[in-house]
Structure formats: C-alpha cells, structure tokens
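Please prepare a short briefing on the complex shown below.

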Amino acid sequence: MDLNSSLPLGNLQCEQKVLKNTDGSAMYTAGETNVLVGVYGPADCKESKQDVKQAVVEVNFRPKIGIPGVAEKYMEKFVCKICESVILRSFHPRTAFSVIVQVMQDQGSLLSCAINAVSMALQDAGISMRCMPVAVTVALQKKEKEDNEMKDDSKKFVISPSTKDEEESVAIATFVFDSAQYDSISAYACGPMTSDEYRECLRLAKEASKHIVRFFRDSVSRKVSTDIR
Amino acid sequence: MELLNLQPVESYKTFLKENIRPDGRELMETRQTVLNVGSISTADGSALVKLGETMVICGVKAELTIPSAEDPGKGIVVPNMEMSALCSSHFKPGPPSEQAQVITKFLDNLLKSCTVIDTADLCVMKDKLVWVLYCDLICLNYDGNALDASVLALIAALQNVKIPEVTVDDESGLPHTNMEVKKAFATRGMPCATTFTVFDGSHIIADPTLKEEDITEGNITVVTDEHDNLIYVQRQGGLAMPEAEMQKCVKRAVEHGSEMRKLYLAVAS
C-alpha cells in the first residue's frame, strides 16, 4: 500500500466481502486496531419495531471479550445515529437494517475504525446512502513546560492515536464527515480544550478524512477489479 | 394546540416562521432551571434539578472499599442513571433503557475527562482503603433533555458531598469512621452541559422538550467549564452541518454555562 507511507494515518487495510452469509461485510484495519463488520438489510422487521415511513437501523457492538456493557451501548448509539443519517431509509419502509460490529483488536482509535468499517460494509452491501461516513480520531497532547523540543505552546496533535498516545493525551476527539462535502455529521470530543484547539483538531481531521476517502475508493476499485476476473 | 398533537411538524413550522416556539421560548432559549441541594438527608450528597418539566434527582452514597490493584491510590466514582417507567411512557419497566445507559456512559466519560473530582482525594489508605461514591440519578419526570438536567444534578450533588472522617487504628489496622466530623469534599471546576437539536435540517433549537425531540433529528451536546473551555462535545446523527452553525452552538453553550454556574455558586454558599 504505497499510499500509506506518506500519511500519518498508519497502516490502513480493508477487505470487503469477508463473510459469506451477510449481505455486506468488511474487515477494516487502521494501525493496530482491527474491526469486522457484517450488515443485513433491508430485511424483515418485527412489527413492534417497524416504522411506516422509513427503515430502522439496529447496531450491535460486540467487544473482543465478555458481554457488551454500557460502553458498548454508547458506541452502538453513536454508530446507529450515523447510519440513520446516511442511509436513505425512506426507500425501504417497514424494514430493518442490522449492523453487527465485532472488535477484533483494539489498540486505540476504536470508534473511528469502527465507523469506517461500518461505512465499507454498508458500501459492500450496496445499500443506497446519501454519502459515506468517514471518521478520524485526533488526540491533543500537552507536554510539560520543561520540555524544550516543542515550541508552539508545547501542544501536539496526534492523528489516529494508539492506546499509548490516548493515555498520554489530555483530550481526544473523533469527527465523522460525509464523503461528498466534507461537512461534519457527528462528533465526539472528550477532555478540556479551548475552542481554537477544537477547531484545529477539526481542521486536521478534515484533511486526514480526504486521504481516507481516497483509500476507500482505492480498496473498492480493487474489489471491483477482482470481481470481474 | 390541538394541531400540535395532530400535525406536529406542520404546526411547528408555522411557529418557527415567527422565530418562536410553541411554549413561548425563542429558538436558543433554555427553560427555567431550578436547583436544590441536600434535599435527601440520608444521602451523603444530593441535588434535585428541574429543567422546565424535566426533573432529575441525584443522591450520592459514600462507601469504603478496597481499591483495585491497578489503581491502589485512587477512589472510585460510579454514576448510574435510571429512567423508570414512572417518568414517561417512552420507557418500559425492566432493565435500563438504551437512553439511560447512554446517559450513564456520558456521565462516566465526563467525570473521567474533567477535573471535578480528583480520585486520589478519595484515598484513605493506599492499597487498603478508598472511598467509592455511588451517584444514583433518577429521572422523576421526563420532558426532554434529560442529559443537561442530569449533568447539573450530578455535579451539584458531588459538590454537596460530605464524607465522615476515617482514622485507621495503628495496632489492629481496622478503620474507624467518626460520623460526628464530616468534611466537605473538594471539587474542582463546574462543568455545565447544553443540548441542541436540529429541526428540518436548518433550525437549531436549544434545550428541546420531549415533543421537540420527537420531531427533530440529531442532537448536539456541548459541555463547558468555568474557563469557557470545551470539555465534552457530542454530536449524534442528523444531517451534515456547516461548521459555522456548530460554532453558534458552542457560543450559546458558553453563555448558558456561565448562567448555570451562578446556580452552582448560589447553592454552594
């Protein structure tokens, strides 16, 4: 993957159609974090959950070990809201889309990796979407004053932080953009930062998201070319 | 008003044309907020918040426990939000609803990322004895925007916490709690949450009621601290939105935050 070497995004890998029985699936690797996603839909839906105007989206987030807890519920809700806003749900009233996210390996930036994996899986399933969601995580690190190497207020922004980077940072922000206009769809930022720092994180994330969209395009064209063969 | 129940979206649009909401508020105006602390005498700290018709009560119970081996010198804070069937027909009895779990996790993340409580302060004896603060929040009446109300209740209750003095006997190594001497617990910072939602992809409204939540999409929550820093930004779903709109929300959240901090200070004194 020649594209990766010039980027600070780490190793990016994506393989679609990894699961036979799902309508669409994707295995997405960003750095050392690895997520597997399977998508079903538009499929039958329990009458009690149906919506007469549009399809409903269910997201199931599975941790690497143990049973899903409150943290997973939070991720589920976050991913679900993104899916709801990008999928053209009014095309399929009274049906359900089911998205299963399985964490394979978590070494930081899990949320953005999961969202990108879901994006690729939805694409693989051929579900009509307004745009593809693209997520980028940025960590803000602040060094102690005695450190002379950093000049600019001793601030450092790390794109796609690893677990170690996340532990050392004061704030972590994950932004989700649409692949067409690069407007933000969702955001999750945790930790004290000024609004200027927030804007800087957003700007960096937006830059990085363009590279990820290019990566999406490359891996889809690779998939399509192998399909023809 | 009948029309508001039958054709909520259409009638809401007619209101928005006049830049006003059915309850008489402007788009960015929040509801009247009432904060009361110490109302539960059996708890170690408590707060009751009324945000319009939404009512959330928070009680903090302090218990002594053995710390985890990972963090031997740190106490534990456990928030838990409960939205029972009592507060709205949206919730069914049984295990905690999705929304309650999401709010619980939100509060947990918030406490970890801000400096309101330094968990090292909760340590009585390293590796032996620490305080664990169980913060139980119950939504008594739900009329939208439980998140802002629960943040307010949680922080005010934590500021209200008084824990008894603990002495450890040198010979036996057993702890002795002196219930006569209770000291207030040092909290730092006063985070305050402001929630917005988007109607029809173009109108941003602050502090939505339950009816407004049903007809709007995507919510934005901004938590600010006393230095007007952003501590927590959460934006879930909704349509793509230009950055200028987001900045408007941040600006409003900062204003609202400074108003709410007056409440914190008023009840603390």
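The briefing that follows treats confidence, chain A, chain B and local backbone features in turn.

This is a predicted model, in which local features need pLDDT of at least 70 and side-chain atom pairs count only at pLDDT 80 or more, while totals for chains, interfaces and linings use all residues. Residues are numbered from 1 along each chain as its sequence is written, chains are lettered from A and ligands numbered from 1 in the order in which they are written, and side-chain values use heavy atoms, with hydrogens and water left out.

**Confidence**
- For the complex, the predictor reports an ipTM of 0.89 and a pTM of 0.92.
- Chain B has a mean pLDDT of 90, and 100% of its residues reach 70 or more; pLDDT is the predictor's confidence in each residue, from 0 to 100.

**Chain A: fold and dimensions**
- Chain A contains five helices and nine strands, where helices (H or I, at least four residues) and strands (E, at least two) are DSSP runs numbered from the N terminus.
- Read from the N terminus, the order of elements in chain A is α-β-β-β-β-α-β-α-β-β-α-β-β-α.
- Along the principal axes, the C-alpha atoms of chain A fill a box of roughly 60 × 45 × 35 Å.
- In chain A, 51% of the 229 residues count as buried; buried means under 20% relative accessible area, exposed over 50%, and partly exposed in between (1.4 Å probe, protein chains only).
- Among contacts in chain A with a separation of 6 or more, 67% join residues 24 or more positions apart; a contact means heavy atoms within 4.5 Å.

**Chain A: surface and charge**
- Chain A exposes about 11,100 Å², with 48% of this supplied by carbon and sulfur atoms; accessible areas come from the Shrake-Rupley method with a 1.4 Å probe, and for residues only the protein chains shown count as cover.
- The 29 positive and 31 negative charges of chain A have mean positions 5 Å apart; Lys and Arg count as positive and Asp and Glu as negative, without His and the chain ends, and each charge is placed at NZ of Lys, CZ of Arg, CG of Asp or CD of Glu.

**Chain B**
- Six helices and twelve strands make up the secondary structure of chain B.
- Chain B is as compact as a globular protein of its length, because its radius of gyration of 20 Å is close to the 18 Å that the globule rule gives for 269 residues.
- The C-alpha trace of chain B spans about 75 × 40 × 35 Å along its principal axes.
- Of its 269 residues, 48% count as buried in chain B.
- The accessible surface of chain B is about 12,600 Å², and 53% belongs to carbon and sulfur atoms.
- Chain B carries 24 positive and 38 negative side chains, with the centres of the two sets 2 Å apart.

**Local backbone features**
- A cis peptide bond runs from Gly41(A) to Pro42(A), with omega near -5°; Pro42(A) belongs to strand S3 (residues 33–43) of chain A.
- Lys17(A), although not a glycine, has a positive phi of about 60°, and lies in the loop between strand S1 (12–16) and strand S2 (24–30) of chain A.
- Asp228(B), also not a glycine, has a positive phi of about 60° and sits in the loop between strand S11 (217–224) and strand S12 (230–236) of chain B.
- Asp228(B) counts as partly exposed because its relative accessibility is 38%.

How values were computed: Rg over C-alpha atoms; globule rule 2.2 N^0.38 Å.
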